[in-house]
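Let us walk through this structure from its overall layout down to single residues.

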Amino acid sequence: MKRIWLLALLTIWSVGVYATEAEKDTTVQSEHETAKFEPGKFIIEHISDSYEWHILTYGQHHVSIPLPVLLYSQHTGFHVFMSSKFHHGQEPYNGFHISHDEPNKGKIVEDVMGEMIVPLDISLTKNVVSIWFSLIIITVLFISIARTYKRNPASAPKGLQNALEIIILFVRDDIVKASIQGKKHEKYLPFLLTLFFFILINNLLGLVPIFPGGANVTGNIAVTMVLALITFLITTFSGNKAYWLHIFNAPGVPWWLKFPLPLIPLIEFLGIFIKPFVLMVRLFANITAGHIIVLGFFSLIFIFGNLNMFAGYGVSVISIAFTIFMTVLELLVAFIQAYVFTLLSAIYFGMATEEHLHHEEHHH
Amino acid sequence: MELVTPGIGILFWMLLSFSVVLFILGKFAWKPILNSLKERENSIDEALSSAQKAKEEMSKIKSENEVILAEAAAQRDKMLKEAKDIKEQIIRDAKELATGEATKLIENAKVEIENQKLAALAEIKNVVASLSVDIAEKVIGRELENKSQQMAYIEDSLKKINLNK
């Protein structure tokens with residue numbers, strides 16, 4: 001039974017990629033039947049967050065799941081309503097509307113006597129719901145296999161448990177144990193495992209073009225920011241004496257690099273913030289770029305299709321081939337990025353808790 | 001700009017939900033999973049090391065057995081050799097004894113035979129002497145009578161003597 005599910009999931013990845021993307025994209029085309037196809041707009045719409053979960057469009061009919069909007073306005077207080085009130089962003093509701101212009105394009109703004117004010121917006125957007133969906137998958141998955149472990153602790157792993165155990169052991173042995181000295185690694189394992197599986201599952205769900213996949217969660221800068229922030233906090237709070245000494249008075253560095261101008265300490269200090277910042281940008285950029293490339297190949301079909309129907313069909317063959325290739329590549333990237341983020345976090349924790357510097361300290 | 005500007009809402013929900021899930025997973029998933037992985041690894045390690053130990057024990061016992069066997073074989077060989085020696089000794093002794101006894105017996109027999117012979121000879125001498133005397137008496141007594149009778153008498157006497165003795 002489990003095997004069938006897995007097979008179904010794989011089929012969705014491989015077949016669903018173009019079949020459903022094509023479905024979506026023809027809708028974009030028909031939506032703007034008279035208007036020209038704008039690939040830039042089309043791509044940005046697909047990789048951005050949104051207040052409703054668009055599933056498909058046929059003819060002029062949009063099928064999407066409305067999501068709750070939660071707002072706090074300084075002028076009118078709390079507002080809770082479904083995003084369907086905006087009629088796909090076309091109409092205002094209760095003084096609020098989805099802005100179509102910069103600088104708040106795509107966000108909800110409040111019209112207060114002609115002035116556009118951005119309220120505090122904690123709406124359950126497509127990305128939030130997608131995050132919850134992935135977190136629920138992770139929770140159910142791992143609690144269920146935890147029960148299997150508890151039930152037969154001594155027996156060899158089977159099925160799903162076996163598949164996940166390989167990844168858990170990979171994270172534990174090749175990422176965490178390899179980066180953090182001694183028994184200290186156990187303290188960081190829960191976070192790093194959760195981090196790895198969260199990134200991985202969202203990367204993979206992002207590649208599934210049909211509902212409930214397709215949201216660009218790990219390509220959202222707020223999501224990667226939170227992950228990097230947690231890594232930053234853990235690194236900073238678990239830094240030992242040697243770690244801080246290394247930052248503010250690095251041993252083995254000539255004195256004139258520290259005084260009167262504290263060049264090295266300054267660089268080291270900035271490094272504390274640069275490291276998580278780079279983590280945040282790397283994941284965001286990699287995943288977003290992957291989505292943009294896949295969607296770009298797709299847009300080619302409609303760009304050529306607008307010129308000539310047969311050109312569109314001709315290009316579609318090449319485009320689909322490239323899209324499949326890119327999706328497979330993105331599958332690899334999904335693993336690599338989860339690995340890299342987790343590995344670097346583990347290395348930062350390892351650096352913060354490393355002990356052998358004491359030895360050099362005495363020498364000094 | 002929208003892409004690279006983190007939204008407050010998603011920041012808030014992400015931080016909240018990720019933390020909650022981290023807590024739940026840490027308590028109800030990672031802890032039991034990691035613990036049982038560790039336990040399993042420990043038990044495998046133990047099993048391997050005890051198997052190794054048993055193997056060493058076995059080889060030790062085997063070599064001890066070999067030593068014992070070799071000792072036993074040596075003991076057996078020694079005992080067999082001793083027994084053989086003893087046997088030979090006994091046979092040799094017996095032979096010596098027997099030879100000695102036989103010689104002694106033969107010696108005795110010889111002495112006895114010699115004695116008997118001497119005694120017989122002495123008796124023969126006596127008998128012959130007395131016979132000679134007797135015969136001489138009778139010969140002298142009948143001399144004057146018939147010569148042929150005389151001869152017959154002698155012969156007759158001799159015959160009697162032979163028969164008597």
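The paragraphs below go from confidence and layout to cores, contacts and the chain interface.

This is a predicted model, in which local features need pLDDT of at least 70, side-chain atom pairs count only at pLDDT 80 or more, and totals for chains, interfaces and linings use all residues. Residues are numbered from 1 along each chain as its sequence is written, while chains are lettered from A and ligands numbered from 1 in the order in which they are written.

Start with confidence. pLDDT is the predictor's confidence in each residue, from 0 to 100. Chain A averages 83, and 88% of its residues score at least 70. Over residues 7-34 of chain A, where pLDDT is under 50, the model has 31 contacts beyond four places in sequence. Over residues 360-364 of chain A, also under 50, it has five such contacts. Here two residues are in contact if their C-beta atoms, placed from the backbone, lie within 7 Å.

Now the layout. Chain A has ten helices and eight strands. These are DSSP runs numbered from the N terminus, with helices (H or I) of at least four residues and strands (E) of at least two. Chain A is divided into domain 1 (68-123) and domain 2 (126-363); the bounds come from an automatic or database domain assignment. The C-alpha centres of these two domains of chain A lie 33 Å apart. Of the chain A contacts with a separation of 6 or more, 66% join residues 24 or more positions apart.

Look next at a hairpin. E3(A) and E4(A) form it, with three residues between them. Strand E3 (residues 68-73) of chain A pairs with E4(A) in the antiparallel sense over six bridges; pairing requires at least two bridges found by DSSP. Tyr72(A) stands opposite Phe78(A) in E4(A). Strand E4 (residues 77-82) of chain A lies largely in the open, because zero of its six residues are buried. A residue is buried if 20 or more other C-beta atoms lie within 10 Å of its own, exposed if 12 or fewer, and partly exposed in between, with C-beta atoms placed from the backbone. In chain A, 34% of the 364 residues are buried.

Which residues touch the most other members of the largest nonpolar core? They are Leu192(A) and Phe196(A), in a core of 58 residues. A nonpolar core is a set of buried Ala, Val, Leu, Ile, Met, Phe, Trp, Tyr and Cys residues joined through C-beta atoms within 7 Å. H5(A) gives the most to this core, with 14 residues. Beyond four places in sequence, Leu192(A) touches residues including Val171(A), Ile175(A) and Thr342(A). A second, separate core of nine residues includes Leu70(A), Leu71(A), Phe86(A) and Ile98(A).

Ala334(A) is buried because 23 other C-beta atoms lie within 10 Å. Leaving aside neighbours within four places in sequence, Ala334(A) is in contact with Leu200(A), Asn203(A), Leu204(A) and Leu207(A). The C-alpha atoms of Ala334(A) and Ile201(A) are separated by 8.4 Å, although the two residues are 133 residues apart along the chain.

Finish at the interface. The contact takes 39 residues from chain A and 31 residues from chain B. On the side of chain A that touches chain B, H3(A) provides the largest share, 13 residues.
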